[in-house]
Amino acid sequence: MRGGGLRAYALLYLLFLYAPILLLPVFAFNSGTIVAFPLNEFTTQWFSQLWGNTTLRRALVNSLTIAVSAAVLATVLGMFAARASTRYRFPGQGAALGLIMLPLVLPEIIVGVSLLVVLLAVGVELSVLTVIIGHTLICTPYSVAILTTAFSSLDQSLEEAAQDLGESRWNAFRLVILPLVMPGIMSSLLMSFTISLDEFIIAFFLAGNEPTLPTYIFSQLRFPKAIPMIMALGTVLVAASILLLALAEYFRRRGAARTGQTNSGGFP
Amino acid sequence: MTAQTSGPAPNPGLAPAPAAAGPARDAQGRPTPISSRRAMIECRGVHKYYGDYHALRGIDLTIREAEFFSLLGPSGCGKTTLLRTIAGFEDISSGVVLIDGRDMARVPANARPTNMVFQSYAIFPHLTVAQNVAFGLRRDPRSRAEKAAAVEEALAMVGLKGYGARAAHALSGGQRQRVALARALILKPKVLLLDEPLSALDRKMREQMQVELIKLQRQVGITFVLVTHDQEEALVMSDRIAVMFEGEIAQLSYPEELYSRPVSRRVADFIGMMNFLPVRILGDSDAGVRVDVPGFGEFDIPAANVSRADPGDPGPSVGFRPEAVTILSRDAPAPHRETPGVIEEVVYYGDMTYYDVRLEGAERPVRISMRNVFGRDIQDLGTRTRVSWSPGSLILFR
Amino acid sequence: MAASGTESGQGLRMIAPPLLYAVLMLAIPLLTILTFSFIRDGYQIVIWELTLENYRAVWADQIFRALMLRSLGVAMLVTLATVVLAFPVAYFLSFVVAPRRKAMWIFLITIPFWTSYLIRVFLWKVILGYNGVINSGLKSLGLIEQPLSFLLYNTGSIVVTLAHAYAPFAILPIYVALERIDRSLLEAGRDLGESRAMTFWRVTLPLAMPGVLAAVLIVFIPTMGDYVTPTLIGGGKIPMVANLIQAQMLDIDNKPLGSAIAVTAMLIVTLLAALFLLLNRRFLRVRT
């Protein structure tokens, strides 16, 4: 069969990609306090430990607050930028978009450090809000990329047609453009949400004394006793991400089907 | 720049539908002459700049009620810009646009009594056919049922009865165009603007839609303004045509006039096929202009057949359409003057045959078309033949 | 003129919110650390005096040079490993997988990327650790008596972990580039008498280069700035530049020196990226 060797390689590669994730539930349900082989008995005690952990609960609430806020802010900013880049031509367009997209090629530690210096200099207290500021900054380029694709696949005359049929500029946008880019908006929200939820280094610099999920996990990884619980937490997080991703994929396909595009996996 | 309007009433071959008297009709239901109708669109000194680019250079034109009007020209001539100016999608840099007597300055596209069929049709892909057609009825105070009936009626008018529930993205090109037409016409605009509406269709579909659009226009009796780069399409469909080059109207006239009396060599070259020959002008005479054309000799061209040369032309020339001269059968007597020549190329088209004939004394061959009539042989390559012509079938560009 | 003016105006108004945000939260902070890097540190207070002292200190510092070189070395190794390992997968996705299954494969490849980065990195420690998956596996097979201790806390383990973390970043751009190749070009290559391998070498690979270049940059830049992996997998014994910046900024609280390190590191990365693109510019000219 053609590509047999390649297929075997690809499957091995998938195994490499999934190896750590497959191990997660193994240790999450293992009663041994040391995360190593051989395994002990089956247990769910680590999950109940998760439930009772108040710091963790606080970290979760913080992380969700940050991720939802950053996702919404980044998507709104991304819509402005994507529309500006697809619909208009103006002087300085390249430079402006370049600056907005810069965090994509900037190590996160640089973003975190520079923001930290300025926020401290201005006298802003570090909190959940400062993390939202940083996360919005790094999520916006992803939103812009996703939404630019969504906007540029639209026929320019659709909006004009709506205006021609009697709708105002805003209503033309609301009735025609918005429904058509809705799958893009959903992808942007989900992607930003996931990036923010998982982001460690900026949160580490900007959260002050507030825990977020990644900074909490990072602090616990130093204590061997806490590891099994972290494995349980990881299992929950992985399950949640897969659920979210499946949802995102469902929306994307539905959006594609609705406008009659062929499904090419999001990479035309 | 002045646009000229003259000539006889248009399209005698197309009999009017036996409709009741309406706009632009007399008591018997016959169309009134266009020149006597009310003005629907008036452009006065319209200029449009994009930065330094001068897209429209002083457009003056009047489009009348219930007229099928075409803006014809090569790409980049400003015809689409002019259409979008009328629709309200482009601001004008100076000048006035009136629609039905009302100044359109500061009237946005959504408030103008025009509707547009876009080149891409711009069918909303997330809506059904019926939702697309009903899009402009959102603020219409009629009941839901009345609107649904109006949608059904509009769909029936464009031959899409029963298609309402279909998803718009599942339609073919021709069906999309019909939806776009129904969507625009349901709003009963004073003017329907069509931006190259047939360019995306295949040849057969295009020819079918040309006829349907003519019928539809006659049926609804509103002004249609068509933008096209296809001269054949413009000739077939229009009551009048404005030929545009580089942001200016070069000629505005009836199709027959445009074809037979082009005002300049450039218009003649753009509309249909024309042979151009170098000419020596000998002087004005009582009968017109005395000229010497290699292959044709010395003769007088009637004053009515004298047009302008364009600044870019290689000097004065005479032109004639391929069907304006005739290749004579072997022994037939010439009705007018005749010139001997040799057939250098034969291109057979089924209904027509094109011959490239080198006339005696001419440098280059000229193209002559002959309708293929049953019983008349196609002439062979290399045949010595005679070409019959009259001074009235030639146009002088000086 | 009026119309193009209004179009520019509308465009500028449209881009204003995200641009303003980027200026306030990115451009100004970056300029601030650039400024900081030129002023003298006066412990807790900042002395407003321009100096190149910080840069002199950075370049004279043995530790900085060692860390910078190590970071570069690790980032290059990771990039090489990631891209080389990813290319066949992208090729498989583009040329072997049936079109209707491509979306599913991409989905499969991106899932691990969406799960907690910290936990994934930590799990490599579990896999490579003293009592980890590999050691216990080998022991139970009777291949080794004592656990192998060289698996963890070294450059190799950092490379494996990062290559895993950045896999989708390498696969996707290469895949997109391969997808864009007109399949008739490959048939033309074969038709002109080249073998399958030579067609790959002379047609497919050059046309895939823009994707490969993108993959290299996308992997290299964040790897240079990675903080988590050296801390967890390197066990703190193999710090990289990010760890140094973090230490100067927070632990030692010498912001001017920390800024100088950050600026220097950024400059080096930017110069390397620019040099890399310059060397490969002929591949970027292939496409319009």
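Predicted model: local features only at pLDDT ≥ 70, side-chain atom pairs only at ≥ 80, totals over all residues.
On the chain C side, helix α1 (residues 2-36) brings the largest share of what touches chain A, namely 22 residues. Sorted by class, that side of chain C holds 63 nonpolar residues, along with 13 polar and four charged ones.

How big is this interface? The size of an interface is often given as the accessible area lost when the parts come together. For chain C and chain A, the buried area comes to about 7500 Å², and carbon and sulfur atoms account for 82% of it. Three residues, C:M14, C:Y21 and C:W114, provide 10% of the area that chain C buries against chain A, more than any other three. In terms of residues, 80 from chain C and 83 from chain A take part in the contact.

Next comes the pairing of chain A with chain B. Here 22 residues from chain A meet 22 residues from chain B, and about 2000 Å² is buried, with carbon and sulfur atoms giving 56%. Within chain A, the residues losing the most area to chain B are A:E160, A:D164 and A:L165, which together make up 34% of what that side buries.

Three salt bridges link chain A and chain B. One of them joins A:E167 to B:R138, where the closest N and O atoms sit 2.8 Å apart. There are also 10 residue pairs in polar contact between the two chains. On the side of chain A that touches chain B, α7(A) gives the largest share, seven residues. By class, this side has nine nonpolar, seven polar and six charged residues.

Methods:
Residues numbered from 1 in each chain as written. Chains lettered and ligands numbered in written order. Heavy atoms only, no water. Contact = heavy atoms within 4.5 Å. Buried area = accessible area lost by both parts, 1.4 Å probe. Helix = DSSP H or I, 4+ residues; strand = E, 2+ residues; numbered from the N terminus. Nonpolar A, V, L, I, M, F, W, Y, C, P; charged D, E, K, R; others polar. Salt bridge = Lys/Arg side-chain N within 4 Å of Asp/Glu carboxyl O. Polar contact = N/O pair within 3.5 Å; in protein donor to acceptor, adjacent residues only side chain to side chain.
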